[in-house]
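Dear colleague,

Please find below the structure that I am handing over to you, together with its sequence. My findings follow directly after it.

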Amino acid sequence: MKLKKQVTVCGGAIFCVAVFSLYLMLDRVQHDPARRQNGGGNFPRSQISVLQNRIEQLEQLLEENHQIISHIKDSVLELTDTGAVSPSGQLPFRSANGSWVLPFDGRPTFLSVKPQDCQFAQGRRGQTDLQMLDVYSLLKFDNVDGGVWKQGFEITYEPGEWDSEPLQVFVVPHSHNDPGWIKTFDKYYTDQTQHIFNNMLVKLTEDPRRKFIWSEISYFAKWWESADMHKQEAMRKLILGGQLEMVTGGWVMSDEANVHYFAMIDQLIEGHQWLEKNVGVTPRSGWAVDPFGHSATMPYLLKRANLTSMLIQRVHYSIKKHFASIRSLEFMWRQAWDQKSGTDIFCHMMPFYSYDVPHTCGPDPKICCQFDFKRLPGGRVNCPWKVPPRAVVEANVAERAHLLLDQYRKKSKLFRSKVVLVPLGDDFRYDKALEWDQQYLNYQRLFDYMNSHPEMHVQAQFGTLTEYFTAVYKANNVPQGARPPDYPVLSGDFFAYADREDHYWSGYYTSRPFYKSMDRVLESHLRGAEILFSLAVAHARHTGMEGRYPTSDYTLLTDARRTVALFQHHDAITGTAKENVVIDYGNRLLHSLQGLKRVIINAAHFLVMKNKDVYRFYQTEPFLETSGPSLSWVRYLVLFNPVEQDRLCVVTVLVNSARVRVLTEDGQTLPVQLSAQWSSASQMSAEASFMVRLPALGLAVFHLYDSADTPMTLRSETLLRLSGRGQTAHAVDPLPLRSQTADPQPFYTSTQSLTLGFSGTTGLLEQSIRRKDDPQELKVQIQFVTYGTRSSKDKSGAYLFLPDGKAKPYSQKEPPVVRVVEGPLFSEVVAFYQHFQQTIRIHNVPGVDGLSLDVTTMVDIREQSNKELAMRLVTDIQNDDTFYTDLNGFQMQPRRRFLKLPLQANFYPIASQAYIQDSQHRLTLHSAQALGATSLESGQLEVILDRRLMQDDNRGLGQGLKDNKKTANRFRLLLESRSTGNKSEWKHGPTSFPSLLSHLTSAILNHEVIALPVLPKKRGIPPLHTFAPFTGALPCDFHVINLRSIQHQQDTHSPSPYTALILHRKGLDCGLETPNPGFNCTTTEGQLGLSSLFRNLDLQLLQPVSLSLMYSSPPMANDSSVSLEPMEISAFRLKLR
């Protein structure tokens, strides 16, 4: 395409700093002064040095990557140049108000959202019996002593209650295996987990009445791969015979607060696909006993994967008590936005403090502990209540059975059916053969006694989780998964979690933000690699070149999928593992990132070749690179857009010359902004930024070369605002640099869309944000505040947030250095403080990217002690006590600030955004990483950036958080106005949705453009061309979650001919004014034709499947349209070639 068709007046320019610069913030472990003092904590220095070397190696590679793109010296491209003017024939110029006007070709773009696509957000919801916001309003959270069930109440029953319908008891043995926590994944496996599986094979086979459940497929797969065929067959027989049940079946038992729904789905698919291929079993029930609070996204995903029931455990003790008192611990969990009941899934909430044996047989832990036979006298574990278990023998079986039955009966009184679930296990239990005998033999004697005495009116047995749920459905005369009569319907979620007193687990929402950020970068690379690999393999098949394409890259994809999946574990992404375990996770993340770069490079190489006949793949001689040696000749640059919409984008590369020319594939010159690349607050070299239009999920090719000055190359103007105390600045000629002594007067920076007002003293946003189309300016001030921790015995740690009162303003003795950069493509203000530096950049382009503020806060609190740094937005918005946080990047959850709760209870997890709103405005803080957020006063929105804590918080970790790294927290701040007709109708409700603009803003923040320089070749570079995979635009309320190559049934190292397309149709709030997004944006009432969507590929199969690909519907006609309801996630099996 000509440049005329590429750079348009309404293009949405998205600033895409080359993605790998994020990793320059990877910081050396030895910089931590606290760690130097304690000699490295509880783990060997060798492990630190291994990761440190890896990090340094990656930093070096990344630095070279910048050089590759950038060292453009004196070679001049000998080609026919169409001249140094833009396609419109105009040059950039400055308008009367000082803002730059950029030339575009004026190609019209349009926005067309159908009214029907707006009705969903306004529609009436089905009533639910339990709305969690209402439950919070109702409860006192008063923590009254409940007697033996300390957080509950006394339970009584009449002796004859079970005479007509005996009590059914299902005792479910389990072992909770964390894939990393106190030990690494591999160490746990070697020391404990492998022995659990080996003993399981022997002990379950001894008696067909014995049952067991398992959830973490990461461990099961590791055991399976080392087991011989006989062991595999014996294990398969136990599973298919119903003695061993795989529950949930994810790669891990995922966290639910910090995880993004892309990764939640991916780890579920990875586990389910492994089970389907190796065992041939499909999980039916969900089991989540250890995540620290529960998200409403999980029931939706499990339902879409065709699970029928689920169980949760870590819920605030006051909510458990309330639900127990109204016998609502079992309910149908429905999505708040569901207008009918299609998202309902049956959920069981465990009533007591923990999932260990003392807290699962009934309300009295002193009695239940006596029935944990691993604690028999002589062992290493005992009962804290000072009454040990006794082995069951003929002399005491009657007394023991009656004592236990009393607990079972009391527990059953909290539920609506006469079926009771009794989990029997704990962390890493059943690793010794002795414990299998102790538990199973003693319980079997108790069951035999109970079942042989009809006057006890009980039927007790070992069972699996699904056997329990099946009995509940049967007792209520309903089919599997259906709502039993009179069972309540619930909507909402279960954050924040408190296990006792005011100990809220809201600290881990932010703990170790460096790794939370790194996880999201890896997720974006994994999604990009999956999509490009699937497209490249399909095109290779289409052209008959499958044999030449490196399909073995599928192994690298599998490795990265499993690394991302492992990191979703509830002690990994949460930041709640020991330091050496965190290092192990970090190693895995880095290794997988490097593998994904190879997959992306190899796929892009094939797809941009104009003549596929000359395509050759050489493992030792990559065609493209993301890093490499410093070279100084004409560069070709391939850019990948991982977003499913066209993208107008500012790309920035480092250069060592101020004479840079950028040309499109067909020789058109692009405007370039030269600016400083700063190595410190006042030291700089040069970088070039230029605007490009990239096709949806596509690749575009550009030339960069050294050239004499042209009118299309413009220089940024830089002003350093100094405190005047002997500070000087060092510039690179010919980039202009001025410095002045800072004065307290506010200063402003503008683009065609936005004007921002900054404090002359602090350099932070302080005055206002004004949009050009809005007569009102909104006061928006950014403040930094710090929280301390309590002086009493209970202090903040990796899990808990226990502040010492309200936050205090961040202060430092010296005033900050403030740098102001202005230019035609972007302007930015950077404020340098001792423990952070904040960059606010605005882009002078029409469309999505020019309508929000790009905010990066680089945080380094390694000199602090027991401090948490927060960024607070203070505005005029009158949101009162209501604010909104997202759940897993999938949906928005209304929150209320409750004064009856402690400060730490009002913090909630955000994976991607939070907003406040009133009848006039909505202000959204989009985040590229998971953090904890709140609104503590009307008009405020606050996010915790990092936490450094010097002590353990008594939840088993045994360490504080002292391994902080220099971390870039990346945000987009979006101000929107409510459209005139909606101002009077607007009110807070049980559901809320982002606007279309907000969804697009989140996409560009989370999926940065990936820059791939072409390595020079001795034989010259063959002709390259843009690759655009789609024939037309996707509806702009559709998101391609993934295009995932499905594993080959025989060859694990190769993809099958099938691909899974996973789509999400977003819910939209159309009540906010929607500016032109800069590309053609239409909605289609959820209709999408797939047969002709993929350019130059034939669709040979279109088959709807369940979310984890295990259940298939009949294939659709290949020319069918697929249809999605708002908020729906659907998966399809495609055969493309």
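Arginine 922 lies over the face of tyrosine 915, at 4.0 Å from the ring centre. A charge is taken to sit over a ring if NZ of Lys or CZ of Arg is within 6 Å of the ring centre and within 35 degrees of the ring normal. Please note that this is a predicted model, in which local features need pLDDT of at least 70 and side-chain atom pairs count only at pLDDT 80 or more, while totals for chains, interfaces and linings use all residues. Residues are numbered from 1 along each chain as its sequence is written, and side-chain values use heavy atoms, with hydrogens and water left out.

Arginine 841 is likewise placed over the face of a ring, that of phenylalanine 826, at 3.7 Å from the ring centre. Phenylalanine 826 belongs to strand 31 (residues 826-832); helices (H or I, at least four residues) and strands (E, at least two) are DSSP runs, numbered from the N terminus. The relative accessible area of phenylalanine 826 is 1%, so the residue is buried. Here buried means under 20% relative accessible area, exposed over 50%, and partly exposed in between (1.4 Å probe, protein chains only). Along the chain, phenylalanine 826 and arginine 841 are 15 residues apart, and their C-alpha atoms are separated by 6.8 Å. Neighbours within four places in sequence aside, phenylalanine 826 is in contact with residues including Gln673, Ser675, Ser689 and His843, where contact means heavy atoms within 4.5 Å.

As to the aromatic residues, the structure holds 65 aromatic pairs. Rings of Phe, Tyr and Trp (its six-membered ring) pair if their centres lie within 6.5 Å; planes under 30 degrees apart count as stacked, over 60 as edge-to-face and the rest as tilted. The ring centres of phenylalanine 220 and tryptophan 274 are 5.6 Å apart and the planes stand at 80°, so this pair is edge-to-face. It links distant parts of the chain, 54 residues apart: phenylalanine 220 is in helix 6 (residues 217-226) and tryptophan 274 in helix 8 (residues 261-278). Phenylalanine 220 and tryptophan 274 are both buried. One aromatic cluster is formed by Phe212, Phe371, Phe373, Tyr430, Trp436, Tyr440, Tyr443, Phe447 and Phe462.

Helix 8 also packs with another helix. Its axis and that of helix 15 (residues 513-542) come within 10 Å and cross at roughly 60°; axes are lines fitted to C-alpha atoms, for helices over the stretch in contact, and angles run from 0 to 180 degrees between N-to-C directions. The crossing of helix 8 and helix 15 is left-handed, that is, the near helix is turned anticlockwise from the far one by less than a right angle. On the helix 8 side, Phe262, Ala263 and Asp266 meet Glu523, Leu526 and Arg527 of helix 15.

Most residues other than glycine have a negative phi, and most peptide bonds are trans. A cis peptide bond, with omega of about -5°, joins phenylalanine 495 and alanine 496. Arginine 512, although not a glycine, has a positive phi of about 55°, and at 7% relative accessibility it counts as buried. Asparagine 1096 has a positive phi of about 60° and is not a glycine either; it is located in the loop between strand 47 (1087-1089) and strand 48 (1099-1105). At 55% relative accessibility, asparagine 1096 counts as exposed.

Arginine 790 is found in the loop between strand 28 (780-787) and strand 29 (808-809), and its side chain is joined to that of aspartate 502 by a polar contact of 2.6 Å. A polar contact is a pair of N or O atoms within 3.5 Å; within protein, one must be able to donate a hydrogen and the other to accept it, and residues adjacent in sequence count only if both atoms are side-chain atoms. Arginine 790 and proline 803 are 13 residues apart in sequence and 5.8 Å apart in space, C-alpha to C-alpha. Glutamine 192, in helix 5 (residues 185-206), is buried at a relative accessible area of 16%. Its side chain makes a polar contact of 3.1 Å with the side chain of lysine 183.

For the protein as a whole, the secondary structure comes to 18 helices and 50 strands. Of the 1137 residues, 65% are buried.

Yours sincerely
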